[in-house]
Amino acid sequence: MRIAGGLIAVVLVLPGAASARISDGAGLGFAWPADGIVSSPFGPRAGGFHPGIDIGSLQALTVRAASAGRVAAAGFAMGYEGYGNVVVVDIGGGFTTIYAHLARPIAHIGELVSRGETIGIAGCTGWCSGTHVHFELRDHGRAIDPIGFFGPGLPLGYTPSLIQGG
Ligand SMILES: [Zn+2]
């Protein structure tokens, strides 16, 4: 098992379901959900707060599950106003992942999805100014920065200098 030094602390806080997967050869951490780069990071933005990361400059519109879990919501869902079409995946341990602004969901409520499985098609529904995937991680309902959960390695094209607003 390969663990990059910087990822150890992150791995330790992964939920039970994800931890179990670490030993099955599926790889550490989250799979990258779309073929693009981070166009807007988690954190303060334009006087507000951006609760996830935006993945833009998409090379394909396929959206894949970052981690295995059970689909808790799909489509336009109560409590996700502005997110457009979403797929929400409960990944266990009180953690949920949200994929937003989809053109359409593919996964259905109640369905078990595996890490890397296609769960939707990217689009620009909801409060959106250009096609991208908004990926959000919540710990017992509170949004946290997901970037450290991706591993091993960040996707090609990601460097902090590429981060921009919008
Ligand atoms: Zn976003």
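Predicted model: local features only at pLDDT ≥ 70, side-chain atom pairs only at ≥ 80, totals over all residues.
His140 sits in the loop between S11 and strand S12 (142-144). Its phi is positive, about 50°, although His140 is not a glycine.

You'll find Ala46 in the loop between strand S2 (43-45) and strand S3 (48-50). Is Ala46 buried or exposed? Ala46 counts as exposed, because it has 9 C-beta neighbours inside 10 Å.

## The overall layout

Stepping back, the protein has two helices and 12 strands.

The protein has 166 residues, and 33% of them count as buried. As for contacts between residues at least 6 apart in sequence, 60% join residues at least 24 apart.

Now for S8, which covers residues 95-105. Nine of its 11 residues are buried, so the rest of the structure largely encloses this strand.

Which strands does S8 pair with? Strand S7 (residues 85-92) is one of them, in the antiparallel sense over six bridges. Here Asp90 has Thr96 of S8 as its bridge partner. The S7 and S8 hairpin has two residues between the strands, and in it Gly93 takes a positive phi near 65°.

S8 also pairs with strand S11 (residues 133-139), antiparallel and over six bridges. In that pairing, Thr97 has Leu137 of S11 as its bridge partner. Strand S10 (residues 118-122) pairs with S8 in the antiparallel sense too, over three bridges. There, Arg104 stands opposite Ile121 of S10.

## The nonpolar core

The largest nonpolar core holds 33 residues, and Val86, Val87 and Tyr99 touch the most other members. At least two residues of this core come from each of strand S1 (37-40), strand S4 (53-56), strand S6 (69-75), S7, S8, S10 and S11.

What does Val87 touch, leaving out residues up to four places away in sequence? The list is Val71, Ala74, Tyr99, Leu102, Pro105, Ala107, Ile119 and Gly120.

Terms used: Residues numbered from 1 in each chain as written. Buried ≥ 20, exposed ≤ 12 C-beta atoms within 10 Å, placed from the backbone. Helix = DSSP H or I, 4+ residues; strand = E, 2+ residues; numbered from the N terminus. Pairing = 2+ DSSP bridges. Contact = placed C-beta atoms within 7 Å. Core = buried A, V, L, I, M, F, W, Y, C linked by C-beta atoms within 7 Å.
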